[in-house]
Amino acid sequence: MLHFSPEAVRDRVNADPEFRLAARYWSCTVVLEMGDTRLEFVVEDGKVAKVGPAGTKRPDIRISASEGDWRELLAAVPRPSYQSLLYGNNESFTIEGDRFSHVNPYFGALRRLVAVLREEINGPAPQQAVPDVDRLFDTAVGRYVYIQVEGVQYRVYFEEAGEGIPLVLQHTAGADGRQWRHLLEDADLQRRYRMIAYDLPYHGRSLPPTGIRWWEEQYRFTKPFLMDTVIAINHALELDRPVFMGCSIGGHLAPDLALYHPEEFRAVIGVNAWIHTPVADPSAAGFNHPRISNEWKASAMLGSTSSTSPEAYRRETAWVYSQGAPPVLEGDVYYYGKDHNLTGLASKIDTARVDVYLLSGEYDRSVADAGAPELARQIPGAKYQIIKGVGHFGSSENPERFKESLMPVLDEIYAKHG
């Protein structure tokens, strides 16, 4: 039995500024089923009016799991497999409710409610401070390059820093190149690598093209388009067989490029890659729905970072997602879950032509045996390792930890190709 005072939880939730902001205008009933215990939260206009045993009336939202699973989730530091309840990292939990009226629009409030319950049981979690930088200007310099992909001209923004082996950096789905800003400023990397972080077309500072009526079409990224875009950037910048590194959608893209375009790269580094990630219909999940704002995207992605990463960096990672164009995440997930599938093909990747490295955050779902480990097993000569203490967005949520695992990989590439 989990021990806490319902009244104390109510008062703590109502005193929490993050919950009050996320729950504004919200009225609903939320029931947490913890084995045989059913706890009901009655929210009225963004404030918890009552916490107590649940009645028989059907709630607006019901979150259920065994008492043991709730214990794991509400531990002071949840184990990696219990890192996130609402983003779906743990399949032991069932969430029922109207996704478009309550669950997704108030994702942040639900996530914070669970976090406050954890704090009531264990006390506030210690926070790792992020010191101010000791410089006046960043080193990275940004500009635009024009490329042609499938007969359409795109104006693509990129930033670069350092010199040496070209290292092109692909951001995650629905985000942009700002995820690599810490890496771009790293002096150790700058001495050996010319780092180039770009925003894919339609992302960040890469505006939609002017040559087509894109607003009349459903936005959707396909594997050929993504691969052709990266290669077009390489050619436009006259890069000599660069190293490609991408995370999430970029992590999936790394082995695809190694299979279909090995002549273009010395090595690829896939961060949080899978051999295949079947995803349910993104539109049904609310990735792009008129009644769900970008606040949901930010809160969902915050739930996919590690609770052990510095909170300032975790929040920054989520902030980037709040700024993406409404259809972008859903359109990117089409490639992520529908168009990327190396089942039966991964073994054809020739690591004698292009080196393949795979990294998984300890708190990311790709660490599961059917994820990156399976992909590594099916690519002869691929090298795989786990990045301790980070989630889905290693380079932006915890750059110091990410660097610890990345540097041996880059040192090995440099020793071979430098």
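Guide: Happy to. Here 5 strands make up an open sheet with mixed pairing, and their order across it is β3-β2-β1-β4-β5. Strands (E, at least two residues) and helices (H or I, at least four) are DSSP runs numbered from the N terminus, and two strands pair if DSSP finds at least two bridges between them. The edges belong to β3 (47-53) and β5 (94-97); each has a single partner strand, so one side of each is left without a neighbour in the sheet. On average, neighbouring strands here are turned by 15° against each other, direction ignored. Angles like this run from 0 to 180 degrees between N-to-C directions, using lines fitted to C-alpha atoms, for helices over the stretch in contact.

Before we go on, this is a predicted model: local features need pLDDT of at least 70, side-chain atom pairs count only at pLDDT 80 or more, and totals for chains, interfaces and linings use all residues. Residues are numbered from 1 along each chain as its sequence is written, and side-chain values use heavy atoms, with hydrogens and water left out.

Now look at β1 (residues 28-34) and β2 (residues 37-44), which pair in the antiparallel sense over 7 bridges. In that pairing, T29 stands opposite V42 in β2. Helix α1 (residues 6-14) touches β2 and β3, and its direction makes about 160° with that of β3. Helix α5 (residues 107-122) touches β1, β2 and β4 (61-65), its direction making about 50° with that of β1.

Definitions and conventions
Contact means heavy atoms within 4.5 Å.
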